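Try each task before you read its solution.

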Amino acid sequence: MRTKIVAGNWKMNKTYKETKALVKELKKSIKDVALVNTRVVIAPTFVNLQKASKMTKKSVIEVASQNMHQADSGAFTGEISAEMLKGIYVDIVILGHSERREYFGETDELLALKVDAALKNNLEIIFCFGEVLEDRKSGNHFKVVESQIKNALFHLDSDAWSHITLAYEPVWAIGTGETASPDQAQEMHAFIRELVAERYLSDVSEEVSILYGGSVKPGNAEEIFSKADVDGGLIGGAALSVKDFMGIVKAI
Ligand code: PGA
C-alpha cells in the first residue's frame, strides 16, 4: 500500500518564535488524530529547521528542508548542504518547487544534481514539478511534466525511487486560490504513474507516492485525496494555520 503524505511547505514564513508556537500546537493537535499509513511533514525555513527538528523528535511529525545546495561544501555563500541537514536530523528535502525554478533559476539539469546530492546523503526527496498556465491552455501540460520528471529523475536506478515522493503542483494553482479539479489532478497523476511504469518496473510506479499541491484547503482536500492516484498533498498557505493544516490531515 502506498504511503499517504501531507506535507506543509511554510515557504518564507514564521519567525523563530512563531515556528515554536506553530510546532507546539501541531504536536498537540496531531495526538488526537489516528494516522493510518500516513506521514505528516512540515518544512519551516532553514534557520528554524533545527528547532523544529528537536521539537518533533518524539512526535509523528517529520521535518523537511525547502531546499539545499548540490555541492558537498565550499564557496557557495548563503547555501546549505545535504550533510548540514543530516547533521540536524533533517532527513527530507523538497526539491524543484516552482518558486525555486521561477525566482532562483533552478533548471531540470541543476535539479538532477541536487537529487543526486540528496540521495548520496541519504535524504528523502519530495520532488516538485508542474506546468504554468500557458502550458495548460495550449495543451502542453503533459509534455512539460514529462520532461521535468525525465530530466531530473530518470537517470536514477530503481532502488533510488524508494527515497522519492513526487509532487505535482500546477503553477497556476499555487497560492492563487484556484485548484486543479480533482479530475484534472487524477488525470495528471495517472499519466505520471504510467510514465514511471514505462521507465521502471511497475512495483516502482505502484509504490511511489504522488502528492498534489496548489491551493489545497480543508474544504477541497477530501475530494482531491479521494482520487485513486493522489496520495496526499503539498500544502502552502493552509499549512501556516493549525486549524487548516489539521483539517487537511484529517481529510486524508
Ligand atoms: P499553496 O502552495 O497551497 O499556497 O497553493 C502550495 C505549494 O506551493 O506547495
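The model is predicted: local features need pLDDT of at least 70, side-chain atom pairs count only at pLDDT 80 or more, and totals for chains, interfaces and linings use all residues. Numbering starts from 1 along each chain as its sequence is written, and side-chain values use heavy atoms, with hydrogens and water left out.

**Exercise 1.** Find which residues come nearest to the ligand.

Solution. Now sort the shell: four nonpolar, seven polar and two charged. Here Ala, Val, Leu, Ile, Met, Phe, Trp, Tyr, Cys and Pro count as nonpolar, Asp, Glu, Lys and Arg as charged, and the others, Gly among them, as polar.

**Exercise 2.** Locate polar contacts (N or O atoms paired within 3.5 Å) of the ligand.

Solution. Take Lys11: an N or O atom of its side chain is 2.7 Å from a ligand oxygen. Next, a polar backbone atom of Ser215 is 2.7 Å from an oxygen atom of the ligand. Then comes Gly237, with a backbone N or O atom 2.8 Å from a ligand oxygen. Finally, check the cover: the ligand alone exposes 280 Å² (Shrake-Rupley method, 1.4 Å probe), and the protein buries 97% of that.

**Exercise 3.** Count the aromatic pairs (ring centres of Phe, Tyr or Trp, its six-membered ring, within 6.5 Å).

Solution. The structure holds seven. Then look for a cluster: Phe127, Phe129, Tyr168 and Tyr212 form one.

Conventions:
A residue is near a molecule or strand if one of its heavy atoms lies within 4 Å of it. A polar contact is a pair of N or O atoms within 3.5 Å; within protein, one must be able to donate a hydrogen and the other to accept it, and residues adjacent in sequence count only if both atoms are side-chain atoms. Rings of Phe, Tyr and Trp (its six-membered ring) pair if their centres lie within 6.5 Å; planes under 30 degrees apart count as stacked, over 60 as edge-to-face and the rest as tilted.
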